[in-house]
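This report goes through selected local features of one protein model and its ligand. The sequence and the structure come first.

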Amino acid sequence: MAAGNQYHIPKVVLGSSVGQRSMSVLGFGTAADSSDYAVLKTAVLEAIKLGYRHFDTAFLYGSEQALGEAIAEALKLGLVGSRDELFVTSKLWCSDAHPHLVIPALQKSLRNLKLEYLDLYLVHWPVSARPGKWEFPIKEEDVVPMDFKSVWEAMEECQRLGLTKSIGVSNFSCKKLDNILSFATIPPSVNQVEMNPMWQQKKLIEFCKAKNIIVTAYSPLGAKGTSWGTNDVMDNQVLKDIALARGKTVAQVCLRWVYEQGATLVPKSYDKERLKQNLDIFDWKLTEDDLHKISQIRQQKIIVSVSHGSNPKFLEELWDGEL
Ligand code: NAP
């Protein structure tokens with residue numbers, strides 16, 4: 001364990017980015033039930049001091065403005081030498097997932113963040129919604145099928161225009177990724193999905209490895225304490241026993257497990273001590289026995305069931321019978 005910003009966070013290179021862009025494997029999530037501007041800004045500045053360089057936001061989260069302000073402040077204070085040292089991801093919301101709305105949506109996010117470019121722009125869900133609404137969960141009557149080819153062409157145009165260094169997707173199944181790969185001229189660099197010891201994504205991880213797509217785990221702690229998550233992951237007895245035996249916290253066991261599966265991760269914490277704790281996962285290992293025990297945990301998909309369980313149309317668009 002190191003002090004100050006001496007934590008060493010490994011990096012991965014994105015497959016189809018402009019200029020071989022690399023991304024810290026561990027980033028800072030910014031989705032929260034109540035978006036307190038000042039709390040988020042302070043947390044981002046603390047995170048930068050600790051060594052975080054990768055930030056995950058989305059138009060939907062309402063966190064782009066505060067993150068942008070914190071980045072401007074960090075640059076002013078000299079906490080980072082230049083914008084290039086940071087990696088910023090944002091996401092295209094479903095109601096903007098229509099070909100003519102993609103570039104304006106990214107420009108809107110850039111204005112919120114006060115940045116000239118993103119490092120990564122993701123299609124947030126493989127679902128479109130009626131334009132003009134920025135709601136989560138999406139109402140059943142607002143769900144429309146996505147025109148994947150045209151939306152992806154517009155995403156590629158975003159990268160060609162220099163508005164983002166790389167593009168990717170989120171919540172995409174293997175089948176949907178295969179579809180994108182069948183026509184993409186710029187393949188997705190990243191697929192960001194729910195992943196934690198209770199939803200292990202084994203098939204998707206293998207598929208993405210074979211296709212050179214980086215998997216980023218969201219809700220790696222099961223989104224404990226949020227309206228879209230569960231405490232079941234952090235309360236899991238197998239994980240508690242492993243944490244006790246290793247002298248680590250359950251959160252650290254979850255995060256280390258994700259990292260050992262070859263995925264990147266964006267846990268969210270606005271608490272300085274937990275931010276520090278979440279970084280402290282790179283100089284120890286889970287044992288073979290730990291990994292075996294974790295592989296036996298009963299699987300339970302959380303995020304979509306909690307948020308969209310009563311919207312069968314959304315679920316149908318999402319899973320196309322695969323999962
Ligand atoms: P998460 O990171 O699994 O869990 C966040 C919760 O865990 C917060 O309540 C946080 O509270 C708590 N926490 C963090 N570190 C902890 C620790 N060491 N010990 C105990 N509790 C801890 O869930 P998430 O926010 O859903 O996922 C992370 C990020 O992924 C989001 O913020 C967002 O950027 C992204 N995301 C993307 C999608 C998508 O569709 N692409 C969906 C969901 C999330 P404190 O802040 O109080 O520490």
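Phe28 is buried, since its relative accessible area is 0%. The model is a predicted one, and the values below are computed from it.

**Aromatic contacts**

The structure contains 9 aromatic pairs. One of them is formed by Phe28 and Tyr52: the ring centres are 6.1 Å apart and the planes meet at 85°, so the pair is edge-to-face. An angle over 60 degrees is what places a pair in that class. The two partners are 24 residues apart and belong to distant parts of the chain. Phe28 is in strand S3 (residues 28-29), while Tyr52 is in the loop between helix H1 (37-50) and strand S4 (54-56). Tyr52 is buried as well, because its relative accessible area of 1% falls under the 20% limit. Phe28 and Tyr52 also belong to a cluster linked by ring pairs, together with Phe55 and Tyr270.

Lys108 sits over the ring of Phe59, with its charged end 4.7 Å from the ring centre. For Lys165 the ring is that of Tyr117, and the distance from the charged end to the ring centre is 4.5 Å.

**Ligand surroundings**

How many residues surround the ligand, and which are the closest? There are 29 residues around the ligand, and the closest are Asp56, Leu221, Lys224, Ser269 and Arg274.

| Residue | Protein atom | Distance to a ligand oxygen |
|---|---|---|
| Thr30 | polar backbone atom | 3.2 Å |
| Ala31 | polar backbone atom | 2.9 Å |
| Asn171 | polar side-chain atom | 3.0 Å |

On its own the ligand has 900 Å² of accessible area, and the protein covers 90% of this.

**Backbone features**

Asn171 is located in the loop between strand S9 (167-170) and helix H5 (174-183). Its relative accessibility is 4%, so Asn171 counts as buried.

Gln201 is another residue that is not a glycine and has a positive phi, here about 55°. The loop that holds Gln201 runs between strand S10 (190-194) and helix H6 (202-210). Is Gln201 buried or exposed? With a relative accessibility of 13%, Gln201 counts as buried, because the limit for that class is under 20%.

The peptide bond that joins Phe136 and Pro137 is cis, with omega at about -5°. Pro137 is placed in the loop between strand S7 (128-129) and strand S8 (143-144).

Ser63 is in the loop between S4 and helix H2 (64-77). Ser63 counts as buried because its relative accessibility is 2%. Ser63 and Ile214 are 151 residues apart along the chain, and their C-alpha atoms are separated by 24 Å.

**Annotated span**

An unreviewed UniProt entry places the feature "domain: NADP-dependent oxidoreductase" at residues 27-297. In the model, this span is 40% helix and 13% strand, and its end C-alpha atoms lie 26 Å apart.

Methods: Residues numbered from 1 in each chain as written. Predicted model: local features only at pLDDT ≥ 70, side-chain atom pairs only at ≥ 80, totals over all residues. Heavy atoms only, no water. UniProt positions renumbered as here; feature names shortened; annotations may be inferred. Helix = DSSP H or I, 4+ residues; strand = E, 2+ residues; numbered from the N terminus. Phe/Tyr/Trp six-rings, centres within 6.5 Å; stacked < 30°, edge-to-face > 60°. Buried < 20%, exposed > 50% of the residue type's maximum accessible area, 1.4 Å probe, protein only. Lys NZ or Arg CZ within 6 Å of the ring centre and 35° of its normal. Near = heavy atom within 4 Å. Polar contact = N/O pair within 3.5 Å; in protein donor to acceptor, adjacent residues only side chain to side chain. Areas by Shrake-Rupley, 256 points an atom, 1.4 Å probe, with all protein chains shown as cover.
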